[in-house]
Amino acid sequence: YFRIFRKMAQDRRPRPQQQSYRSNLLENDENDAIASILGSKQVILSASVAQLIVAYPDPRRWTRNRTGVICFVKDNAKKSYFIRMVDIVARNTVFDQELYEQIEYKTPKDHFHMFPGDKFTVGLNFADSLEADHFKDQVTMKIKQYKQKLANRQQRRAAPSAPAPAPPPPGSGGNSTPVSSGG
């Protein structure tokens with residue numbers, strides 16, 4: 001009885017909170033400010049100083065939109081992943097793109113990444129190539145996980161159901177005889 005109770009109590013323990021990534025380009029108080037602006041329900045998986053560049057209004061030309069801290073976050077409240085840019089001075093989120101299963105995240109240069117956003121193509125021009133590489137690794141890993149989950153789901157739907165057992169042979173009356181293990 002006590003073992004069962006102890007096991008139930010262990011199952012109810014909260015999971016340890018995942019630590020947010022801290023950019024090496026920012027001071028501790030700036031990293032803390034980013035976490036505070038995003039909120040306690042979000043875990044920063046990667047962050048770096050970057051320019052947000054958009055192919056808008058002309059889809060054939062890049063236009064610099066703003067500079068800030070670009071973050072790849074796990075939003076526990078929304079149960080999803082987002083690429084968000086934070087403006088430390090204004091203390092708000094200035095760009096928000098939810099990661100979706102079919103997103104094509106490209107890295108034509110070490111410091112420059114791009115992807116199709118909801119309304120236009122988005123470019124990220126990173127200040128540091130090491131942090132850009134970490135950002136890419138985190139985003140592409142999550143995209144691979146999404147695609148694997150989608151493939152598994154489709155495979156389960158397409159898998160034929162188990163065949164029905166064969167009917168008993170004629171004249172057996174449907175009675176089964178236990179198999180003897182010898183002796």
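**Reading the fold**

Trainee: Which residue caps the N-terminal end of helix 3?

Mentor: Look for a side-chain oxygen 3.1 Å from the backbone nitrogen of Leu130. Polar contacts here are pairs of N or O atoms within 3.5 Å; within protein, one must be able to donate a hydrogen and the other to accept it, and residues adjacent in sequence count only if both atoms are side-chain atoms. The residue that caps this end of helix 3 is Asp128.

Trainee: What pLDDT do local features need here?

Mentor: Residues are numbered from 1 along each chain as its sequence is written, and side-chain values use heavy atoms, with hydrogens and water left out. This is a predicted model, where totals for chains, interfaces and linings use all residues, side-chain atom pairs count only at pLDDT 80 or more, and local features need a pLDDT of at least 70.

Trainee: In what order do the elements of the chain run?

Mentor: Helices are DSSP runs of H or I with at least four residues, strands are E runs of at least two, and both are numbered from the N terminus. The chain has three helices and seven strands. From the N terminus on, the order is α-α-β-β-β-β-β-β-β-α.

Trainee: How far apart are the end C-alpha atoms of helix 3?

Mentor: The expected span is 1.5 Å times one less than the number of residues. Helix 3 runs over residues 129-158, so its 30 residues should span 44 Å. The model agrees, with the end C-alpha atoms apart by 42 Å.

Trainee: Which strands do the buried residues of helix 3 pack against?

Mentor: Buried means under 20% relative accessible area, exposed over 50%, and partly exposed in between, with a 1.4 Å probe and protein chains only. In helix 3 the buried set includes Glu131, Phe135, Val139, Lys142 and Tyr146. An α-helix has 3.6 residues a turn, so residues three or four places apart point the same way. Counting contacts as heavy atoms within 4.5 Å, the buried residues of helix 3 pack against strand 1 (42-54), strand 2 (63-75), strand 3 (80-87), strand 6 (112-116) and strand 7 (121-126).

Trainee: Is His113 buried or exposed?

Mentor: His113 is found in strand 6. Among the residues it touches are Val122, Ala132, Phe135 and Lys136. Its relative accessibility is 1%, so His113 counts as buried.

Trainee: Which side chain makes a polar contact of 2.6 Å with the side chain of His113?

Mentor: The side chain of His113 also reaches a backbone oxygen, that of Asp110, at 3.5 Å. For the 2.6 Å contact, the partner of His113 is the side chain of Tyr105.

Trainee: Which residue stands opposite His113 in strand 7?

Mentor: Strands pair if DSSP finds at least two bridges between them. Strand 6 and strand 7 pair in the antiparallel sense over five bridges, and they form a hairpin with four residues between them. On strand 7, opposite His113, stands Leu124.

Trainee: What relative accessibility does Lys79 have?

Mentor: Lys79 is found in the loop between strand 2 and strand 3. It has a positive phi of about 55° although it is not a glycine. Lys79 counts as exposed, because its relative accessibility is 75%.

Trainee: And what is the relative accessible area of Arg91?

Mentor: Arg91 has its place in the loop between strand 3 and strand 4 (92-98). Its phi is positive too, near 60°. Arg91 is partly exposed, with a relative accessible area of 48%.
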